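Here is a short briefing to read with the model open beside you.

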Number of protein chains: 2
Amino acid sequence: MADGKIISIDGMGGDHAPRIVVEGLERFAKRRADLHFLLHGDEAQLKVLLASAPTAAPRTTIRHTEKMIAMDAKPSEAMRRGKGSSMWNAIEAVKAGEAIAAVSAGNTGALMAQSMLILKKVEGLERPALAASWPTRTGVCAMLDLGADIAATAEQLVEFAIMGQAFARVVNGVANPRVALLNIGSEELKGHESIREAARLIRASNLTMDFRGYIEADKIGFGEVDVVVADGFTGNVALKTAEGIAKMMSDMLKEALKSGPLSTLGALLAMPALKKFRARLDPRKVNGAVFLGLNGVVVKSHGGTDAVGFEHAISVAAGMGESHFRTEVEDNLKRLTISMAQIATAAPASQEVAK
Amino acid sequence: MADGKIISIDGMGGDHAPRIVVEGLERFAKRRADLHFLLHGDEAQLKVLLASAPTAAPRTTIRHTEKMIAMDAKPSEAMRRGKGSSMWNAIEAVKAGEAIAAVSAGNTGALMAQSMLILKKVEGLERPALAASWPTRTGVCAMLDLGADIAATAEQLVEFAIMGQAFARVVNGVANPRVALLNIGSEELKGHESIREAARLIRASNLTMDFRGYIEADKIGFGEVDVVVADGFTGNVALKTAEGIAKMMSDMLKEALKSGPLSTLGALLAMPALKKFRARLDPRKVNGAVFLGLNGVVVKSHGGTDAVGFEHAISVAAGMGESHFRTEVEDNLKRLTISMAQIATAAPASQEVAK
């Protein structure tokens with residue numbers, strides 16, 4: 001195991017763990033022959049499952065623990081009693097430098113709390129954020145914060161923009177990501193003061209960023225920007241609204257297409273097209289929210305996902321773990337700090353000129 | 001015109017005005033033979049259009065004005081220079097007691113600003129809100145605030161809950177609406193303090209309300225609640241996200257079903273089912289946001305809607321104008337005031353008990 005990079009996996013987190021975890025791992029192992037895995041959880045259960053995962057098994061080391069975090073555990077509980085759990089150990093392997101990234105489909109609040117505690121924030125950063133991809137007409141768009149915290153100051157929104165830009169490069173492969181702030185109107189005067197101030201800060205800074213101003217939520221799907229920045233409350237509401245509407249529409253479509261013999265026949269004929277349609281919007285293909293801004297990579301898989309979704313979450317973890325994400329963010333944070341200092345010095349003078 | 005109730009209509013507001021306004025009016029007039037209409041705008045244009053609207057024409061009085069509010073006008077501009085415009089006059093007919101409600105597909109900000117100025121807030125109410133219906137699996141759900149303001153205190157959220165409840169009764173015909181606050185988790189500890197405080201206030205009050213606590217945005221479509229309450233920024237983001245995803249999915253579905261001869265044949269066979277599917281999600285059928293909390297009814301139609309959508313907006317205006325909405329809200333506001341006074345008196349004692 002010494003010569004390959006390692007991904008650390010919480011074997012017991014998620015609604016259908018450990019089964020879908022090992023199945024997802026097997027799928028991923030087939031695509032990446034060079035990576036190794038640390039699998040944390042109940043050895044007996046995991047061994048049985050790994051017996052049916054011939055590609056992953058030779059490259060997987062099980063780290064036994066009986067302790068696991070309940071899906072409905074409160075973050076405070078996960079902090080107090082989480083030590084030694086499969087989730088905790090998965091993160092600690094990153095902290096110890098054994099693994100390049102950790103993945104868990106367990107309780108979000110617990111994962112964030114433990115990750116913060118074990119890995120700590122990147123120095124110079126005010127607040128971490130949860131980022132994920134959002135399907136658009138043309139591909140995907142990175143969105144953050146999706147709920148690491150409920151509010152964000154202007155400075156924190158700028159940090160999110162910096163991290164989102166690096167995320168879009170590293171995870172979604174966009175060379176020069178277009179970044180926008182989520183707002184309720186494109187006019188300069190609309191929205192919370194923190195958002196307007198963040199826009200001013202980005203424009204006044206010397207960040208290398210293709211900043212596109214504000215974006216309204218109904219325009220995200222057009223694919224005109226690659227990164228959408230919001231506070232965690234707003235980002236979470238937008239993400240869940242999108243998930244809810246997409247699920248409702250696809251359920252209603254299924255019902256409609258089964259509503260009579262002609263419709264069913266029609267649906268059969270159109271099946272390949274309908275499958276392509278569903279594949280483009282498959283939430284499993286965008287599974288894997290990354291907890292950005294920590295000294296180490298932690299990826300949160302959707303708790304209810306299946307093997308395909310978990311495979312994608314591991315893939316996001318690998319992409320992040322192997323990338324220059326951290327250096328890129330740190331460079332930009334330094335640039336931001338310098339800019340802010342310059343703005344602070346220059347402000348009185350420029351205000352006078354304005355008068 | 002003396003014996004019928006009157007709806008006041010801004011003939012010039014909207015992307016496709018005045019054409020779709022008059023077409024929508026004609027459609028609505030066919031359904032309601034008892035109502036009359038005041039149509040504000042350019043007489044020459046409106047006369048020509050009314051000539052092709054034989055049902056509406058005999059019951060429509062044109063009020064000429066050359067002035068109109070541009071779709072991209074700023075609210076401040078609409079306030080300063082709006083007087084005498086078709087929008088302004090439409091609202092003023094409500095203020096004068098001539099009409100039971102006003103409808104406009106014009107600029108939202110201008111309409112809200114002018115409505116506030118002309119009709120004033122209901123006494124005892126802190127802040128008006130914009131409400132509209134949202135399609136669910138089982139019917140519709142009322143949602144507010146959709147952007148009358150960007151923030152809301154706990155007390156204002158409670159007011160929104162009261163107005164939303166009355167709206168669901170009057171516009172959506174729900175006898176006993178289930179009300180919930182939009183939040184990012186169902187746990188009591190999540191979300192902004194204002195939301196948690198609003199939940200406490202509602203529970204502690206003697207409002208007659210079927211209050212269901214918090215709802216997450218992905219659950220709205222399940223039809224488990226009839227009213228969703230949020231601050232205007234969050235509500236607007238959720239609404240626009242939903243619109244954006246719905247539009248993207250239906251566009252992608254159309255593309256998919258035209259992607260080859262078999263799919264096209266399949267789509268043809270499944271056409272009635274697909275039409276039913278689209279009809280259930282037709283945004284025109286839920287068109288018409290009501291500006292709640294003013295001394296008079298003002299309905300905002302989507303600016304880009306067509307005749308079917310505008311017809312629905314007039315129908316919402318008629319429903320609101322003919323209802324006991326105002327009495328109901330005022331009764332509940334009084335109950336709230338009494339409750340708050342009681343809570344304020346009782347609070348020190350109950351806090352001691354808690355210790």
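Two residues are in contact here when heavy atoms of theirs lie within 4.5 Å of each other. With that cut-off, T305(A) touches H16(A), I20(A), R284(A), N287(A) and F310(A), leaving aside residues up to four places away in sequence. Please keep in mind that this is a predicted model.

**Where chain A and chain B meet**

- In chain B, 52 residues are in contact with 52 residues of chain A.
- The size of an interface is often given as the accessible area lost when the parts come together.
- Chain B and chain A bury about 4800 Å² between them, and 77% of this area is on carbon and sulfur atoms.
- Which residues of chain B lose the most area to chain A? They are I184(B), F233(B) and M249(B), which together make up 15% of what that side buries.
- There are four salt bridges between chain B and chain A.
- E216(A) forms a salt bridge with K240(B), and their closest N and O atoms are 2.2 Å apart.
- On the side of chain B that touches chain A, the elements that give two or more residues are β5, α8 (232–257), α9 (261–269) and α10 (271–280).
- Of these, α8(B) gives the most, with 22 residues.
- By class, this side of chain B has 29 nonpolar, 13 polar and 10 charged residues.

**Strand β5 of chain B and its partners**

- Strand β5(B) covers residues 129–135, and seven of its seven residues are buried, so the strand is largely enclosed by the rest of the structure.
- β5(B) runs antiparallel to strand β10 (residues 289–292) of chain B, with three bridges joining them.
- Within that pairing, L130(B) has F291(B) as its bridge partner.
- β5(B) also runs antiparallel to strand β6 (residues 140–144) of chain B, and here five bridges join the two.
- In this second pairing, W134(B) stands opposite C141(B).
- Together, β5(B) and β6(B) form a hairpin, with four residues between the strands.

**Helix α4 of chain B**

- Helix α4(B), residues 86–95, is mostly covered, with seven of its 10 residues buried.
- The buried residues are S86(B), M87(B), W88(B), A90(B), I91(B), A93(B) and V94(B).
- What do the buried residues of α4(B) pack against? Their neighbours in chain B are β1 (6–10), β2 (36–41), α3 (75–81), β4 (101–104), α5 (108–119) and β11 (298–300).
- Just after the helix, G97(B) takes a positive phi of about 80°.

- T305(A) is in the loop between β11 (298–300) and α11 (307–321) of chain A.
- Its relative accessible area is 7%, so T305(A) counts as buried, since the cut-off is under 20%.
- Q165(A) is in helix α6 (residues 154–170) of chain A, and is buried, with 0% relative accessibility.
- Not counting residues up to four places away in sequence, Q165(A) touches P177(A), V179(A), T208(A), M209(A), V227(A) and N332(A).
- Is K30(A), with a relative accessible area of 58%, buried or exposed? K30(A) is exposed, and lies in helix α1 (residues 19–31) of chain A.
- K30(A) and T55(A) are 25 residues apart in sequence, and their C-alpha atoms are 6.2 Å apart in space.

**Backbone points to check in your viewer**

- A cis peptide bond, with omega about 0°, joins A17(B) and P18(B), and P18(B) is in the loop between β1 and α1 (19–31) of chain B.
- The peptide bond from L144(B) to D145(B) is also cis, with omega near -5°, and D145(B) is in the loop between β6 and α6 (154–170) of chain B.
- K120(A) is not a glycine, yet has a positive phi of about 65°.
- K120(A) lies in the loop between α5 (108–119) and β5 (129–135) of chain A, and is partly exposed at 47% relative accessible area.
- In chain B, K120(B) likewise has a positive phi of about 65°.
- K120(B) is in the loop between α5 and β5 of chain B, and is partly exposed at 46% relative accessibility.

Conventions: Residues are numbered from 1 along each chain as its sequence is written. Chains are lettered from A and ligands numbered from 1 in the order in which they are written. This is a predicted model: local features need pLDDT of at least 70, side-chain atom pairs count only at pLDDT 80 or more; totals for chains, interfaces and linings use all residues. Side-chain values use heavy atoms; hydrogens and water are left out. Buried means under 20% relative accessible area, exposed over 50%, partly exposed in between (1.4 Å probe, protein chains only). Two strands pair if DSSP finds at least two bridges between them. Buried area is the accessible area (1.4 Å probe) that two parts lose on being put together, summed over both. A salt bridge is a side-chain nitrogen of Lys or Arg within 4 Å of a carboxyl oxygen of Asp or Glu. Ala, Val, Leu, Ile, Met, Phe, Trp, Tyr, Cys and Pro count as nonpolar, Asp, Glu, Lys and Arg as charged, and the others, Gly among them, as polar.
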